[in-house]
Amino acid sequence: MTTAVEFARKGKMLPLLLGVPVFILCGFAHSIADAFYFLVSPSEQVLQVSVLIVYLCEVLGNFVGCNLYRWTLYPFQE
């Protein structure tokens, strides 16, 4: 997703048009979408330790995934 957005910022829309459907078809978890699902789910299902651990891992994975691009290309900029 980050790569698709970076290409879109440079005016190249094809990676953006392909990146989003590929992300969805691969079935990758997305913490923002899952936050909505957890919000509308019964609390006794959501407030289980295993569900909270999975969600925390999703948030951490999304954080690393979206920042890995910047960390590798611009390691010394603030």
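These notebook entries follow what I looked up in this predicted model.

I began with the ground rules: residues are numbered from 1 along each chain as its sequence is written. Local features need pLDDT of at least 70, side-chain atom pairs count only at pLDDT 80 or more, totals for chains, interfaces and linings use all residues, and side-chain values use heavy atoms, with hydrogens and water left out.

I then turned to the aromatic rings of Phe, Tyr and Trp (its six-membered ring), which pair if their centres lie within 6.5 Å, with planes under 30 degrees apart counted as stacked, over 60 as edge-to-face and the rest as tilted. By this rule I found 3 aromatic pairs. For F38 and Y55 the ring centres are 5.2 Å apart and the planes stand at 75°, so I noted the pair as edge-to-face. This pair links distant parts of the chain, 17 residues apart, with F38 in helix α3 (residues 31-40) and Y55 in helix α5 (residues 49-73); helices here are DSSP runs (H or I, at least four residues), numbered from the N terminus.

Next I checked accessibility, where buried means under 20% relative accessible area, exposed over 50% and partly exposed in between (1.4 Å probe, protein chains only). F38 counts as partly exposed because its relative accessibility is 25%, and Y55 counts as partly exposed because its value is 23%.

Key. Helices (H or I, at least four residues) and strands (E, at least two) are DSSP runs, numbered from the N terminus.
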